[in-house]
Amino acid sequence: MRRHLESPLPTSSDSQHKLNTHYLENIEKFHYSIKELSDYLYPAYVDESLPLAIRHVLDTWNKRFPRLNIKYELPNEWREESSDRSQVILIGLEELLIWSVSNNSNNFSLFVSLTLQGNWNELMIKFTDLNVSKSTLTAATTDDLLHLCRALKFWLSGKCSRYRQNQAEIWYLRW
């Protein structure tokens, strides 16, 4: 259908050309949405390496929101994780990023690190320069974050904690 619309018809009128252009734009939007959904449900590099997959997610967000200040410390080598566990971690990270962008200005900073802490793996996600007003932090938003934390604890068989200090919010995921 896309190729058909892209090929010029010898008898196409100006109005038909505009209609074809409109259809092409809608097909492009649909294709992009499907690609985003696919990347969300099965992130790139999830089978190869958790640090590489996290790096890809953060780089993608940095391209989408260039005003965000995103930094990370991720090891080059990491012990093997199950792809299911890695997917849960990446989906949790995506949900936190979605929350932060939707509830704040796009000028905050983000720092992510992945480390080994004894027998625990630890993912630290630190948001700084947040502009979360009291009116923005509704009970529903707080409940959503609490449910996200509980879900991550359950699916990772680990720990999830979050702390607020002034203009910063720090999340720790341990498994």
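**Helix α2, then the rest**

I start with helix α2, residues 14-41. At 1.5 Å a residue, its 28 residues should span 40 Å, and the end C-alpha atoms are 41 Å apart, so the two values agree. The buried residues of α2 are Asn20, Leu24 and Ile27. As a reminder on helix geometry, an α-helix has 3.6 residues a turn, so residues three or four places apart point the same way.

Before going on, a word on confidence. This is a predicted model. The mean pLDDT of the chain is 84, with 86% of residues at 70 or more. Confidence is lowest in helix α1, residues 2-6, where the mean is 62, and highest in β1, where it is 95. Where pLDDT is low, the predicted coordinates should not be read in detail.

Now the overall layout. The chain has five helices and five strands. Starting at the N terminus, the order of elements is α-α-α-β-α-β-β-α-β-β. Of the 175 residues, 36% are buried. If we take contacts with a separation of 6 or more, 66% of them are between residues 24 or more positions apart.

Next, the sheet. It is open and built from five strands in the order β1-β2-β3-β5-β4, with mixed pairing. β1 (69-73) and β4 (159-165) are at the edges with a single partner strand each, so one side of each has no neighbour in the sheet. From one strand to the next, the twist averages 15°.

I will go through the pairings from the β1 side. β1 and β2 (residues 109-117) run parallel and are joined by five bridges. Lysine 71 has phenylalanine 111 in β2 as its bridge partner. β2 and β3 run antiparallel, with nine bridges between them. Here serine 113 stands opposite methionine 124 in β3. These two strands form a hairpin with two residues between them, and glycine 118 in the turn has a positive phi of about 70°. β3 and β5 are also antiparallel, joined by six bridges. In that pair, phenylalanine 127 has glutamate 169 in β5 as its bridge partner.

What lies across β2, β3 and β5? That is helix α4, which runs at about 10° to β3. Is glutamine 87 buried or exposed? Its relative accessible area is 13%, which is under the 20% cut-off, so glutamine 87 counts as buried. Setting aside neighbours within four places in sequence, glutamine 87 is in contact with Leu41, Tyr42, Pro43 and Val46. Leu41 falls within the range of α2, residues 14-41.

Last item, the cysteines. How many disulfides does a search of the whole structure find? The search finds one. The bond joins cysteine 149 to cysteine 160, with an S to S distance of 2.4 Å. The pair links distant parts of the chain, cysteine 149 in helix α5 (residues 139-156) and cysteine 160 in strand β4, eleven residues apart. The torsion about the S-S bond is about -125°, so the disulfide is left-handed. Both ends are buried: cysteine 149 has a relative accessible area of 10%, and cysteine 160 has 7%.

That is what I have; questions are welcome.

Technical notes
Residues numbered from 1 in each chain as written. Predicted model: local features only at pLDDT ≥ 70, side-chain atom pairs only at ≥ 80, totals over all residues. Heavy atoms only, no water. Buried < 20%, exposed > 50% of the residue type's maximum accessible area, 1.4 Å probe, protein only. Contact = heavy atoms within 4.5 Å. Pairing = 2+ DSSP bridges. Helix = DSSP H or I, 4+ residues; strand = E, 2+ residues; numbered from the N terminus. Axes fitted to C-alpha atoms, helices over the stretch in contact; angles between N-to-C directions. pLDDT = per-residue confidence, 0-100. Expected span 1.5 Å × (residues − 1). Disulfide = S-S within 2.5 Å.
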